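This report goes through a few features of one protein model. Look at the sequence and the structure first, then read on.

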Amino acid sequence: MNPALKQRLFDPFFITKPADKGTGLGLAISAQIVAEKHNGAIWCISEPVRGAEFWVEIPISQSSTLATTSTATLSRI
């Protein structure tokens with residue numbers, strides 16, 4: 001996956017399929033839930049020809065105040 005595509009993975013309504021085959025909300029909603037509700041992070045590691053891996057990191061213990069992480073910072077390149 002090229003870097004430009006990888007940067008947009010967690011953008012709402014971004015799809016790589018034909019327009020009638022999805023809404024582009026799955027990864028955006030997942031990233032929002034992981035970040036806002038669980039104070040975690042989600043990112044993608046991708047190499048040409050080898051495919052892509054998605055990692056989700058959620059803390060074992062939660063603090064009383066959740067950090068506000070923007071989804072733009074969640075896609076670690």
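Trp43 is buried, with a relative accessible area of 9%. These values, like the others in this report, come from a predicted model.

How many aromatic pairs are there? The count comes to one aromatic pair. Trp43 and Trp55 form this pair, and it is stacked: the ring centres are 6.3 Å apart, with 10° between the planes. An angle under 30 degrees counts as stacked. Trp43 belongs to strand 1 (residues 41–47) and Trp55 to strand 2 (residues 51–57), so the pair ties together parts that are 12 residues apart in sequence.

## The hairpin

Strand 1 and strand 2 run antiparallel and are joined by seven bridges. Within this pairing, Ile42 stands opposite Val56 in strand 2. The two strands form a hairpin with three residues between them. In the turn, Val49 has a positive phi of about 75°.

Is strand 1 mostly covered or mostly uncovered? Strand 1 is mostly covered, as five of its seven residues are buried.

## The largest pocket

The largest pocket has a volume of about 200 Å³. Its lining consists of 13 residues. Phe14, Ile15, Thr16, Lys17 and Gly24 are the lining residues that lie nearest the centre of the pocket. By type, the lining of the largest pocket divides into six nonpolar, five polar and two charged residues.

Key
Residues are numbered from 1 along each chain as its sequence is written. This is a predicted model: local features need pLDDT of at least 70, side-chain atom pairs count only at pLDDT 80 or more; totals for chains, interfaces and linings use all residues. Side-chain values use heavy atoms; hydrogens and water are left out. On a 1 Å grid over the protein atoms alone, a cavity is a set of points where a 1.4 Å probe fits but cannot get out, and a pocket is an open set with protein on both sides within 12 Å along at least five of seven lines; lining residues have an atom within 4 Å of a point. Grid points are joined across faces, edges and corners, and a volume is the space filled by probe spheres set on the points. Ala, Val, Leu, Ile, Met, Phe, Trp, Tyr, Cys and Pro count as nonpolar, Asp, Glu, Lys and Arg as charged, and the others, Gly among them, as polar. Rings of Phe, Tyr and Trp (its six-membered ring) pair if their centres lie within 6.5 Å; planes under 30 degrees apart count as stacked, over 60 as edge-to-face and the rest as tilted. Helices (H or I, at least four residues) and strands (E, at least two) are DSSP runs, numbered from the N terminus. Buried means under 20% relative accessible area, exposed over 50%, partly exposed in between (1.4 Å probe, protein chains only). Two strands pair if DSSP finds at least two bridges between them.
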